[in-house]
Amino acid sequence: MLPGWSYVACGFLLWAQRPANRLGPIMAGVGMLWLLGRAGQMSSVPVVWTAGIWLTDLWVTGLILFLLAFPTGRLRRGFDWVIVGMSLVVTVPLELLWLAFLDDGQGRNVVLVVVNDDAAHGVDRLQRILFTLGALLLVGSLARRWQRSTGPARRQTIPVLVGGFAILLQSVSWMVFSFGSASHVLDSSIRIALVAIPAAVLYVMAQARMARAGVADLVVELGQTPTPARLRDALANALGDPSLEVAYRADAGDTFVDSNGMAMELPALDSGRAVTMLERRGVPVAAIVHDAALLDDPGLMASVAGAVRLAVENDRLNAEVEAQLEEVRASRARIVEAGDRERRRVERDLHDGAQQRLVSLSLELRFARARLDEHADPALRQSLERAAGEAMAALAELRELALGIHPLVLTESGLSEAVESLADRSPVAVTVDVGDDRYPPDVEAAAYFVVSEALANVAKYARAASAAVRVRRDAGALVVEVSDDGVGGADARAGSGLRGLGDRVAVLDGTLEVVSPAGRGTTVTARIPIPSPSHVSVPAL
Amino acid sequence: MWRATMAWMSTILIVDDDARFRAQATALLSADGFTVIGEADDGPSALAAAAALRPEYVLLDIGLAGVDGFAVAHALTADGEAPLVVLTSSRDARAFGRRLREVPSLGFLPKEQVSGAAIRALAADA
């Protein structure tokens with residue numbers, strides 16, 4: 001009874017695991033046919049007994065169907081149908097024919113036509129010959145399949161190959177029995193082999209579950225930014241398919257390339273290789289080329305694809321964010337650069353335009369006043385003097401404005417001169433400690449504007465008696481420090497001036513720090529990396 | 001008579017790329033007792049004019065196109081019989097800083113303050 005029950009149990013297990021696969025019902029059916037045949041033979045009810053004898057070997061046909069359909073649940077070739085058909089002919093119509101001549105000696109045979117031992121014996125011999133032939137074809141078909149498959153598919157073929165041999169042995173045993181010398185050793189080894197089939201199927205299923213566990217590892221593995229080569233290895237490991245390949249869709253068109261960028265042909269449908277596409281928004285981005293047998297567990301490739309998609313998506317998002325960040329960095333640098341360029345232009349325009357005209361106007365007024373003789377109207381003289389004074393004042397204001405817009409002295413004479421000039425203009429007493437070294441223009445400009453803005457804040461908010469500016473080079477960076485002895489309490493986030501400075505310094509990958517404890521002064525420290533000479537670009541002034 | 005005139009009439013060369021300023025400066029300085037013996041609108045012609053005319057003073061704009069006023073001042077004062085250079089600009093001195101301090105010259109005058117008296121004051125201080 002054991003083989004029957006083990007088939008039934010294994011069949012239902014398989015059915016539960018893979019409801020869409022016909023193998024489960026087929027295997028359960030095999031077990032039930034086996035049990036029913038055995039049970040029928042023990043009955044004393046003639047009809048039941050007859051049915052039991054008739055269908056006693058039908059389970060073998062079921063088993064052959066199972067072996068040939070393993071693991072997909074479908075027969076692959078017409079030849080396989082021939083094998084199943086042969087077995088079916090032997091186990092159903094020929095069995096019935098045999099029964100028609102059989103006398104069981106107890107009158108239970110309800111299909112008995114005429115007792116004829118020779119006819120019964122002849123049919124029986126035909127059955128055994130046909131069946132042995134079928135068994136040979138079965139083993140041949142399975143062996144061929146085993147030979148042609150690789151990796152997981154080959155492993156999966158092992159239990160069915162064992163099953164095929166068991167059936168061949170069974171048929172040989174029947175032949176031997178038919179010719180008069182039954183072998184018990186042979187018989188029991190067949191039993192063992194037949195019982196082994198469900199065990200082997202369970203083993204294969206466990207392997208599949210291990211593959212799923214492998215997928216869990218895969219998710220973890222892929223979490224750590226896989227290189228294409230590592231992705232392939234991880235997939236091959238998780239799926240137990242060393243022949244696995246990953247194809248990436250080339251940027252343009254429908255061609256695929258491997259991880260080395262070499263063109264790669266996706267396999268044809270019937271090649272025993274299967275392709276699992278990884279799609280993003282309906283567009284294939286990569287393909288896993290793997291053993292077709294991996295598709296037998298429908299959840300397996302789906303979860304693998306999910307894991308890889310996740311990794312690829314992560315990677316893509318990372319790359320996208322990186323690219324966007326890079327773009328933002330570049331555009332911020334461009335904005336600052338454009339701003340500086342604009343400031344230079346405005347300063348030059350002021351100089352070439354309004355400033356020149358005011359100079360000209362002042363000179364003209366002075367010239368006019370000089371030409372007045374001593375008899376001239378004193379009111380006119382005063383008026384001309386006032387006009388000249390106004391023009392001079394306007395010129396002074398304009399120069400102040402121009403200095404604020406773009407410090408020409410910075411480009412002309414460098415940072416220390418420019419900072420001195422800022423200190424001169426500050427209403428607070430400022431001590432300056434800046435070396436005479438020159439730095440890349442963008443670094444000098446950033447440092448200058450830090451000092452300028454910081455000193456402006458000192459004058460506006462700090463109520464300080466004095467301030468100090470220190471600029472020094474420290475470990476590849478220019479460190480600009482502006483401190484005062486004022487009231488403190490400044491907030492880098494609140495003042496848009498300081499925040500703008502932070503942005504400006506950040507463009508050069510620098511940092512700005514404001515330390516301003518209430519009542520204990522404020523220190524603004526900017527740290528601006530000095531790019532190595534190869535990276536210095538000198539913008540045209 | 002000629003020598004007597006020369007005793008107080010100082011000669012000056014005006015170098016600026018702005019014709020209007022050259023005209024105004026010429027008028028103002030002539031009124032203040034200078035003899036404007038030449039004008040130039042860029043560095044090379046300034047050097048040529050200085051070599052040919054041998055002026056006592058050169059009123060030199062810093063913001064010349066091409067070779068700037070600092071370079072011209074250095075070139076003008078390179079040999080022994082150098083003219084006295086007065087630098088000028090429509091920007092003020094703060095725009096130039098150290099370069100202005102280091103250039104060999106009598107000094108700097110913002111353009112609107114250019115006058116014979118101012119130039120003589122610089123010469124007297126030197």
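Here's a quick tour of a nonpolar patch and some aromatic contacts.

This is a predicted model, where local features need pLDDT of at least 70, side-chain atom pairs count only at pLDDT 80 or more, and totals for chains, interfaces and linings use all residues. Residues are numbered from 1 along each chain as written, chains are lettered from A, and side-chain values use heavy atoms, leaving out hydrogens and water.

**Surface patch**
- F12(A), W15(A), M32(A) and L36(A) make a nonpolar surface patch of about 410 Å² (members have over 30% relative accessible area and no salt bridge, with nonpolar side chains joined within 5 Å; areas use the Shrake-Rupley method with a 1.4 Å probe; a salt bridge puts a Lys or Arg side-chain nitrogen within 4 Å of an Asp or Glu carboxyl oxygen).

**Aromatic pairs**
- Searching the whole structure turns up six aromatic pairs over all chains (ring centres within 6.5 Å; planes under 30 degrees apart are stacked, over 60 edge-to-face, the rest tilted).
- Y448(A) and F449(A) pair edge-to-face, at 5.4 Å centre to centre and 85 degrees between planes.
- Both Y448(A) and F449(A) are buried (under 20% relative accessible area; exposed is over 50%, partly exposed in between).
- Ring pairs also tie F70(B), F96(B) and F108(B) into a cluster.

**Charges over rings**
- R38(A) lies over the face of W34(A), 4.4 Å from the ring centre (Lys NZ or Arg CZ within 6 Å of the centre and within 35 degrees of the ring normal).
- K111(B) lies over the face of F21(B), at 4.7 Å from the ring centre.

How values were computed. Patch = residues over 30% accessible without salt bridge, like charges linked within 9 Å, V, L, I, M, F, W, Y side chains within 5 Å. Buried < 20%, exposed > 50% of the residue type's maximum accessible area, 1.4 Å probe, protein only.
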